[in-house]
Amino acid sequence: MTTNIFLSEHEMPRAWYNLAADLPHAPLPPLAPDGSPVRPEQLAAIFPMGLIEQEVSSQRWIDIPEEVLALLYRWRPSPLQRAYGLERALGTPARIYFKNESVSPAGSHKPNTAVAQAYYNKLAGIKKLTTETGAGQWGSALAFACAQFGLECKVFMVRSSYEQKPYRKSMMRTWGATCIPSPSSTTRAGREVLARMPDTPGSLAIAISEAVEEAVGDPSGSTRYALGSVLNHVMLHQTIIGLEAKKQLELAGERGPDQVIACVGGGSNFAGLAFPFVKDKIEGAEIEIIPVEPSSCPSLTRGSFIYDLGDMSGMTPLLPMHSLGHEFVPASIHAGGLRYHGMAPLVSAAVEEGLLSPRALPQLECFEAAVAFARSEGIIVAPETSHAIAQVIREAKRAKEEGKEKVILFGLSGHGLLDLSGYESYFAGQLENIELSPEAIERSLACAAAYPKARDFALA
Ligand SMILES: Cc1ncc(COP(=O)(O)O)c(C=O)c1O
């Protein structure tokens, strides 16, 4: 009975996997406001060229630089663990494995891309990075990575999370970063939102506008912006998760997973775990691959596949993605990292290709699952991760009813040790399920009505 399946450092993957190379149809390009495809050099004020090249690459494998590997070794390869405790508690014949990304210094999968992004910026001579953060996991990951490369770091943290999770801010400060609540009065985008909605809980879309504005507005030209999810290069850097997991499942004697499950906010931990298995599925393997989102922010299951802005005030190009509209401000659920109106274009494309089976789950079922997991496995997970666990429990119960011995692999994207206020609110009965009416979704999509339709573009 092996609980942990470890790889040694020299067994760690040396190249990232790019799903864009294998999707049946080439992914759609990002568009400029005039509807023309964005040229790589137009992104140069925001990102360094090393990342822009990865963003538009259709190369299947991209080598991981030695300097990035050297930092990833601090916590990678991460363990694959068999959830014997949860299996026993559920009495399921399913064999449940999870890839534990909570072991990183910042407590989630986010440092996998933070380290790579800080490295390419340092290489390009950049001195400072700005970013947004929802739950604080990404902001602390980037703060950690910037400290390793001697870069300055400024984080705009969504106001509701800033208030719910004050110790994330302390982590960022400890690593030398500055963290301020968003919307703030320090940017034009922030001031505009505050004038229209003074009591807004904030959103990732607003915080992204502020962080991009600060980066492109630096007169010295030595500041860039870093995004913790959504973009192709972020998905790419995270694939080390699934590539390791594949090797580890083999070591565990499994022929492969029947189901792969992870939560989705912007899509990065899901893509990281799942894309190497999406490749197998494209090549004929029978795998059900399930991204799980909150029912209060259901971009994949109830949004439209459209061109939409990545932020609130139009600082980003138009991206082809499932979206609820860039002006959508999600309810202040504790899974702050899942409060994003859109979805990674590569995850969206894989849904359009029929390769994924997305689900949306209500907040209370997710907390209930997180508590069951903590009691059976010991790990207190982030509220984001609880969405994956709730779906795993549904599937494991189904396996029991059907008497099926299936293999379920899920992503444990982060620990929840700084999210305990969410658990407290759950125990106090203060949380509720938030469902959106069809009219509310129609209204929130109106802001994107004038943009080119991704579906039309795909058929053209
Ligand atoms: C622990 C954890 N899981 C999941 C997410 C969702 O982001 P993504 O979909 O990019 O993995 C976040 C985002 O902050 C997070 O902190």
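**Strands, helices and ligand**

Modeller: Let's start with a strand pair: Gln81 stands opposite Phe98 in S5. This is a predicted model, where local features need pLDDT of at least 70, side-chain atom pairs count only at pLDDT 80 or more, and totals for chains, interfaces and linings use all residues. Residues are numbered from 1 along each chain as its sequence is written.

Colleague: In which sense do S4 and S5 pair?

Modeller: Antiparallel, over three bridges, with S4 covering residues 80-82. Strands are DSSP runs of E, at least two residues, and helices are runs of H or I, at least four, numbered from the N terminus. Two strands pair if DSSP finds at least two bridges between them.

Colleague: And how does S5 pair with S15?

Modeller: In the parallel sense, over six bridges. There, Arg95 stands opposite Val407 in S15.

Colleague: How many residues of S5 are buried?

Modeller: Six of its six (buried: 20 or more other C-beta atoms within 10 Å of its own, C-beta atoms being placed from the backbone). Arg95, Tyr97 and Lys99 lie on one side, with Ile96, Phe98 and Asn100 on the other.

Colleague: Switching topic, which residues come nearest the ligand?

Modeller: Of the 21 around it, Gln137, Ser229, Gly265, Gly337 and Gly414 (around: C-beta atom, placed from the backbone, within 6 Å). H12 gives the largest share of that shell, three residues.

Colleague: Last one: at what angle do H15 and H16 pack?

Modeller: About 85 degrees, with their axes 7 Å apart; axes are lines fitted to C-alpha atoms over the stretch in contact, and angles run from 0 to 180 degrees between N-to-C directions.

Key: Buried ≥ 20, exposed ≤ 12 C-beta atoms within 10 Å, placed from the backbone.
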